[in-house]
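These are my notebook entries on one protein chain.

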Amino acid sequence: MSSYSDSDDDSVPRSKLFGRRRPVYDIFGGGRVADILLWKDKKKSAGLLLGMTVLWFLFEIVEYNFVTLICHLSITSMLIFFIWCTGAEFFKWNPPRLPEAILKESTFKDVASTLHRRINQFFTKIFDIAYGKDLPLFFLAIVSLYLLSVIGSYVSFLNLLYFGFVALETLPFLYEKYEEEVDQLAGMAIYQTKKSYRNFDAKFLNKIPRGPVKDKKLR
């Protein structure tokens, strides 16, 4: 007799991917990050993707050195600023205004606070998994980290970082757009996996002879 009854999972389950209960927008925090990753703010999303693509192209394809790139950008900016200031005297242009602060102090505080909070959440999650309360999640984390280490030995860190960023900016957006179709396909995959396991269990696992369990008597 199979450990799974034939009546189990007779129909394709209609559940959300990974068993989530909240909308995708809420999972990403529901703020600016969610707006960018889900392309609610198309200008910022496209600008960030374009900027990362340009940086990846310069460092990975052109093989620009980071220090060289910073120096060249600084030289170009200074020349443009110098020409602008000089031309303003001859052609009666409005001279450029020097800002008191390029980046506000609050911006650095917000970035540092967000980074500090995310790092703490990451290590807290790692320690919770390592504690062994959820063994499937523990083994899944071990296998995932091992696969990531294997991929990292064949792909450069910059490529891995860029492709991860592209996936982060495209997959959530595509999933939210085609949510019903993806959930249906995922449900069918889960159903087929369980069905295959039931057949394997009935044909092979249940045919393995098991000896009777004997109770040991204390002397």
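**Entry 1: Annotation and model**

I read in the UniProt annotation, from an unreviewed entry, that "transmembrane region" covers residues 45-62, 69-91 and 137-168. UniProt positions are given in the numbering used here, feature names are shortened, and annotations may be inferred rather than shown by experiment. I note that this is a predicted model, in which local features need pLDDT of at least 70, side-chain atom pairs count only at pLDDT 80 or more, and totals for chains, interfaces and linings use all residues. Residues are numbered from 1 along each chain as its sequence is written, and side-chain values use heavy atoms, with hydrogens and water left out.

**Entry 2: The chain as a whole**

I found 8 helices and 0 strands in the chain. Helices (H or I, at least four residues) and strands (E, at least two) are DSSP runs, numbered from the N terminus. The pattern along the sequence reads α-α-α-α-α-α-α-α.

I then checked two of the annotated spans. Residues 45-62 are 94% helix and 0% strand, with end C-alpha atoms 24 Å apart. Residues 137-168 are 94% helix and 0% strand, and here the end C-alpha atoms lie 22 Å apart.

Of the 219 residues, 12% count as buried (under 20% relative accessible area; exposed is over 50%, partly exposed in between, with a 1.4 Å probe and protein chains only). The chain exposes about 18,800 Å², of which carbon and sulfur atoms supply 66%; accessible areas come from the Shrake-Rupley method with a 1.4 Å probe, and for residues only the protein chains shown count as cover.

I also looked at contacts, meaning heavy atoms within 4.5 Å. Among those between residues at least 6 apart in sequence, 58% join residues at least 24 apart.

**Entry 3: Helix packing**

Two packed helices are described by the angle between their axes and the distance between the axes. Axes are lines fitted to C-alpha atoms, for helices over the stretch in contact, and angles run from 0 to 180 degrees between N-to-C directions.

At what angle do H3 and H7 pack? I recorded about 165° for helix H3 (residues 42-61) and helix H7 (residues 157-177), with the axes 11 Å apart. H3 and H7 are therefore roughly antiparallel (over 145 degrees; under 35 is roughly parallel, 65 to 115 roughly perpendicular and the rest oblique). The residues making this contact include Leu48, Met52 and Trp56 of H3 and Tyr162, Phe165 and Val166 of H7.

Next I examined H7 and helix H8 (residues 179-203), whose axes come within 5 Å and cross at roughly 90°. H7 and H8 are therefore roughly perpendicular to each other. Here Tyr175, Glu176 and Lys177 in H7 meet Glu179, Val182 and Asp183 in H8.

**Entry 4: Single residues**

Most residues other than glycine have a negative phi. I noted that phi of Trp39 is positive, near 60°; Trp39 lies in the loop between helix H2 (32-37) and H3. Phi of Glu63 is also positive, near 60°, and Glu63 is found in the loop between H3 and helix H4 (66-91).

Is Glu63 buried or exposed? Glu63 counts as exposed, at 64% relative accessibility.

Finally, I looked up Gly47, which lies in helix H3. Gly47 is partly exposed, with a relative accessible area of 39%. The C-alpha atoms of Gly47 and Ile36 are separated by 9.9 Å, and the two residues are 11 apart along the chain.
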